[in-house]
Amino acid sequence: MSFCFEPGPVPSVLILGSENRFPVHRIYCVGRNYAAHAREMGGNPDREPPFFFAKPADAIVEDGADIPYPPQTDNLHHEVELVVALGRQGADIPVEAALDHIFGYAVGNDLTRRDLQADAKNRGQPWDAAKGFDHSAPIAAIHRVADVGHPSAGQIRLTVNGEIRQEGDLRDLIWSVPEVVSQLSRLFTLMPGDLIFTGTPAGVGPVRPGDVMEGSIDGLGSLKNRIV
Ligand code: MN
């Protein structure tokens, strides 16, 4: 087979302690999944079914890389999140079997053009431009389940220029990781290489050029990026 032009590189993420990289298939994201953040966004954190949106695979940004301030926004927000990396295909996965599909976990940052998101919500329009722009998915090295197990508790936080902005605990997820994987697999056939951003704790806020964001999760290291 030949192509009309050279296809781009496969987006991929570093795997801690491995020479191999994790090839990214799709990036899924969970909407509100911590009660305090749901409230700060004007929602009600009762257990409505989780809702999902997506980012393009090539929105990945590595730990340590600079991120250009995106166009068409005056309100770029950070959202530190636990990211689940899938290693097995599956559809209609029962909650009890969901953990078997997970390859590893990482710290991610669901960057958001909050002004475009608010506008889209008001107009009943899709979130793609608010969530799926270039460089909108910074993610740190993936920690393999073989090395770290399945973290279900532990601090998740984000600092901007060293000041704490977001702080929460993984045990406060409204929908647990197995529940998220199971629900998502009812909508889409999940594939090895899929990433799931599982939602952000309270404290989201704006960043400007020059700001350094550092997200961290107990046991999963940290993710540092400067806005330029
Ligand atoms: Mn998010």
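Strand β3 and strand β15 (residues 195-197) run parallel and are joined by three bridges. Strands here are DSSP runs of E of at least two residues, numbered from the N terminus, just as helices are runs of H or I of at least four. Two strands count as paired if DSSP finds at least two bridges between them. The model is a predicted one: local features need pLDDT of at least 70, side-chain atom pairs count only at pLDDT 80 or more, and totals for chains, interfaces and linings use all residues. Residues are numbered from 1 along each chain as its sequence is written, and side-chain values use heavy atoms, with hydrogens and water left out.

Buried means under 20% relative accessible area, exposed means over 50%, and partly exposed lies in between (1.4 Å probe, protein chains only).

Lysine 55 belongs to strand β4 (residues 52-55). With a relative accessibility of 4%, lysine 55 counts as buried. Its side chain reaches the backbone oxygen of serine 136 at 2.9 Å. Such a polar contact is a pair of N or O atoms within 3.5 Å; within protein, one must be able to donate a hydrogen and the other to accept it, and residues adjacent in sequence count only if both atoms are side-chain atoms.

Strands β17 (residues 212-217) and β18 (residues 221-227) run antiparallel, joined by six bridges. Glutamate 214 has lysine 224 of β18 as its bridge partner. Five bridges join β13 to β17, again antiparallel. Here valine 160 is partnered by methionine 213 of β17.

Strand β13 (residues 155-160) pairs with β14 over six bridges, in the antiparallel sense. Glutamine 155 has aspartate 169 of β14 as its bridge partner. The hairpin of β13 and β14 has two residues between the strands, and asparagine 161 takes a positive phi near 50° in it.

A manganese ion has Glu79 (OE), Glu81 (OE) and Asp110 (OD) as its protein donors, at 2.0 to 2.2 Å. Donors are N, O and S atoms within 2.8 Å of the metal (3.2 Å for Na, K and Ca); water is not among the atoms, so sites may look incomplete. The donor residues follow the spacing E-x1-E-x28-D in sequence. Glutamate 79 is buried at 4% relative accessibility. Glutamate 81 is also buried, at 1%.

The largest pocket holds about 150 Å³ of space. A pocket is an open set of points on a 1 Å grid over the protein atoms alone, where a 1.4 Å probe fits, with protein on both sides within 12 Å along at least five of seven lines; lining residues have an atom within 4 Å of a point. The volume is the space filled by probe spheres set on the points. Among the lining residues are Arg32, Asp46, Phe51 and Trp175.
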